[in-house]
Amino acid sequence: MLKKTQPAKILLSAALVLFGAVLCASQTVPSEQTPQPPAGTSQGGASQQTESSNEPLVYGVQGLLIETLDGKTVSSQSADQAFNPASSIKLGLALVALHNFGAQYRFTTGFWTDGSLNKATGELTGNLYVTGRDPSFHYEHAVMIARQLNAVGIRSVSGDMVVAPGFTMNFSASAGRSGALLYDTLDATLRSGEATRAWTYERMTLGDLTSLQTVPSVTVMGNIVVGSAAPGAKLLLTHNSSKLIDVLKVLLCYSNNFMAERIGDSLGGVLSVRRQIITLLGIPESEIQLSSVSGLGINRVTPRAMMKVFRGLRNELQKNRLSPADIMPVAGIDPGTMEERFTGPAWEGSVIAKTGTLVRTDGGASSLVGQMKTAKGDVLLFVIMNQRGSVVRFRQNQDYLAMQVQNTRGGPKAFAYQPRVLAMKLADTQSVSASANEFEPNLKTGTSPP
């Protein structure tokens, strides 16, 4: 609670009144040191209760909860009413994924064969089987596979390329289309310009110019088939994705729905994820209803439950000596959904948050969940949920509210954060080749085709 000075308390209440009483006509919040109130006309709406105000404030419907790190309430409004969290529910998915898999977990893609290699010609006589459910597998990773297969002497495959039903590439939910992309990208004569550019960009970003001196290529002579690996197939190569924390950073920065749904599938689906959130955090079942783990569709979460989700995620990260900035977008710095928010010199880097946006569902839903830092050294956790109105205006009002709350405590202060190019986070992959002579299954890990 704001108890240090009466002026700070009055300023916060006044800010909240102004926040809900007016609408914003432009699309960005001014970046001056002192935030300017959004311009517009009052639309009425739900009432908001702060530390000293009971006035009706918000256009549309709003849920709000702001707390100190030790759990004291700074401000609340309809904290026990269910709202559509939209993509901010991805924070719950991240929590369950970290709890189940661990921060260092890597998704594995296996390459197998039921044939044999002619070392003289470089031809693999037989089929090439591909297994795995890596949600981050992309063009550059396929080119890397071609290079690794070349390294063990494979230049062509006489049979078919058989991809598992769960295999995906370039965020395509279709195993058939993903297999076709892999088929073309492995073969330099079929490789698209986009695939070549992705490979070149990644290698240059990593400073690996040596890899660009050769052109990896594997030609598959047969067809693309969606199916299972043959019994007794031998392992050629395993490709491990970047660490889960890096995959989550990209997922949350860009709010990638496909990646979220694939990870959710790996965790048993939406019902399993909901059940685990409830069990881990002790949230009443009535406070969280999920139809998706990505935030698409009609989901329902109370601000109080969402605050528990965010606190649970922070705790899970702390167990791994990580912070929210390691997986969530830092406003005004990281690319993606928070890149153009809190961009003023004073506010840049002072907010770490996950957005949620549904333009039509529930008449327009928008949310912002995360933490802000103030000049006095306070870290405040916040949940803001809006629906039934303009998502553009909701976003601007969310930013304005956060900035005013920061101003009641001396203004904003940036979190300690050293940004990295996000492409580098998905480039931290590992490939392990089986023996070029034996092509035996990995006896150490017991790897075998699913």
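Select helix H10 (residues 391-407) first: H10 lies across E1, E14, E15 and E16 and runs at about 20° to E15. Helices (H or I, at least four residues) and strands (E, at least two) are DSSP runs, numbered from the N terminus. Lying across rests on contact, which means heavy atoms within 4.5 Å. Axes are lines fitted to C-alpha atoms, for helices over the stretch in contact, and angles run from 0 to 180 degrees between N-to-C directions.

This is a predicted model, in which local features need pLDDT of at least 70 and side-chain atom pairs count only at pLDDT 80 or more, while totals for chains, interfaces and linings use all residues. Residues are numbered from 1 along each chain as its sequence is written, and side-chain values use heavy atoms, with hydrogens and water left out.

Next, select helix H9 (residues 303-319), which lies across strand E1 (61-68), E15 and E16 and runs at about 140° to E16. Then display the sheet itself: 5 strands in the order E2-E1-E16-E15-E14 form an open sheet with antiparallel pairing. Its edge strands, each pairing on one side only, are strand E2 (73-77) and strand E14 (351-358). From one strand to the next, the twist averages 5°. Two strands pair if DSSP finds at least two bridges between them. Strand E15 (residues 365-373) and strand E16 (residues 379-387) pair in the antiparallel sense over 9 bridges. To view one of these, select Gly370, whose bridge partner in E16 is Phe382.

**A second sheet**

Move to the open sheet of 4 strands in the order E4-E5-E7-E9, where the pairing is mixed. Strand E4 (116-118) and strand E9 (219-220) are the edge strands, each pairing on one side only. E4 pairs with strand E5 (residues 123-125) in the antiparallel sense over 3 bridges. Select Ser116 and look in E5 for its bridge partner, Thr125.

**His138 and helix H3**

Select His138, in the loop between strand E6 (128-131) and helix H3 (139-151). Not counting residues up to four places away in sequence, His138 touches Met169, Asn170 and Phe171. The C-alpha atoms of His138 and Met169 are 5.4 Å apart in space, although the two residues are 31 residues apart in sequence. The side chains of His138 and Glu140 are joined by a polar contact of 3.2 Å. Such a contact is a pair of N or O atoms within 3.5 Å; within protein, one must be able to donate a hydrogen and the other to accept it, and residues adjacent in sequence count only if both atoms are side-chain atoms.

Angles under 35 degrees count as roughly parallel, over 145 as roughly antiparallel, 65 to 115 as roughly perpendicular and the rest as oblique. To see the contact, select Tyr139, Ala142, Val143, Ile145 and Ala146 of H3 with Leu181, Leu182, Thr185 and Leu186 of H4.

**H6 and H7**

Finally, select helix H6 (residues 244-254) and helix H7 (residues 257-266), which pack at an angle of about 135° with their axes 8 Å apart. H6 and H7 are therefore oblique to each other. Show the side chains of Val247, Leu248 and Leu251 in H6, which meet Met259, Ala260 and Ile263 in H7.
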